[in-house]
Amino acid sequence: MPATRTSKTGRTQEERSAAMRARLLDATIDCLVEYGYSGTTTTRVAERAGVTRGAQVHHFPTKADLVTAAVRDIAHRRASHAFARMDELAMSTDPIGDTLDLLWEIHQGPIFAASTELLLAARTDPELRALVAEVEPEISEVIVQFGRRLFGPQADTTQFRHYAYTAMDTVRGLLVGSWAYPDDSQLEARWQRAKACLRLVAPSELSG
């Protein structure tokens, strides 16, 4: 049975609902970056998204639900960007180095700041911590799936998983630490140093 379309917009109810959710998630990320977790209120998010509080509560009953959904959305955006570069990386003469650079690239900008705000807040918020604990494995699994598609069976090992997690932890640590260093040239130098170390400990099977 075809979905009913509204006469005013020509969109289905499902499309309108998806668009509203997207506006709420975008507004949540903006608020996390601008105000931090403590300053990100559901009222402020609804206002920035241009929706009513009732609509916001309908889609995301609590603040924890809202910000956790935003971080899950961030992970999906990063994954889409990474998989879009798959063909390019498959033809690379330096797949390990280029993949590490891609991991670095997709963690840049306000999206990383928003997700970090959530991780830090989870330390003292048990409800939020439980929700974040559900999302983090999903993010890690995306990295493993990416490795399988790029490196094939060589990536389907415990050793590769440990390497992928270590690379991600390295990127996160450098970026968090960089907030104390306003000079971007220092951050780039630190990344190049870290990438050289990560290259040295990469599983030998990935270079074959």
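## Where α1 meets α4

In this predicted model, helix α1 touches helix α4 through L24, L25, D26, T28, I29, L32, Y37 and S38. On the α4 side, the residues that meet them are K63, L66, V67, A69, A70, D73, I74 and R77. By type, the residues of this contact divide into 10 nonpolar, 2 polar and 4 charged.

Two packed helices are described by the angle between their axes and the distance between the axes. For α1 and α4, the axes come within 9 Å and cross at roughly 110°. Angles of 65 to 115 degrees count as roughly perpendicular, and α1 and α4 are therefore roughly perpendicular to each other.

## T28 in helix α1

One of the α1 residues in this contact is T28. Is T28 buried or exposed? Its relative accessible area is 0%. Buried means under 20%, so T28 is buried.

Leaving aside neighbours within four places in sequence, T28 is in contact with T40, V45, L66, V67 and A70. Among these, L66, V67 and A70 also belong to the α4 side of the contact described above.

## Helix α8

Helix α8 covers residues 126–151, which is 26 residues. At 1.5 Å a residue, a helix of this number of residues should span 38 Å.

At the N-terminal end, α8 is capped by D125. A side-chain oxygen of D125 lies 3.2 Å from the backbone nitrogen of E127. After α8 comes G152, which has a positive phi, near 75°.

Which residues of α8 are buried? They are L128, L131, V132, V135, I139, S140, I143, V144, F146, G147, L150 and F151. These buried residues pack against several other helices: α1 (13–39), α4 (63–84), α5 (86–90), α6 (95–105), α7 (110–122) and α9 (158–178).

The relative accessibility of L175 is 5%. The cut-off for buried is under 20%, so L175 counts as buried.

Away from its neighbours within four places in sequence, L175 is in contact with W104, H107, Q108, F112 and L187. L175 and Q108 are 67 residues apart in sequence. In space, their C-alpha atoms are 8.1 Å apart.

Note on methods:
Residues numbered from 1 in each chain as written. Predicted model: local features only at pLDDT ≥ 70, side-chain atom pairs only at ≥ 80, totals over all residues. Heavy atoms only, no water. Helix = DSSP H or I, 4+ residues; strand = E, 2+ residues; numbered from the N terminus. Expected span 1.5 Å × (residues − 1). Buried < 20%, exposed > 50% of the residue type's maximum accessible area, 1.4 Å probe, protein only. Contact = heavy atoms within 4.5 Å. Polar contact = N/O pair within 3.5 Å; in protein donor to acceptor, adjacent residues only side chain to side chain. Axes fitted to C-alpha atoms, helices over the stretch in contact; angles between N-to-C directions. Parallel < 35°, antiparallel > 145°, perpendicular 65-115°, else oblique. Nonpolar A, V, L, I, M, F, W, Y, C, P; charged D, E, K, R; others polar.
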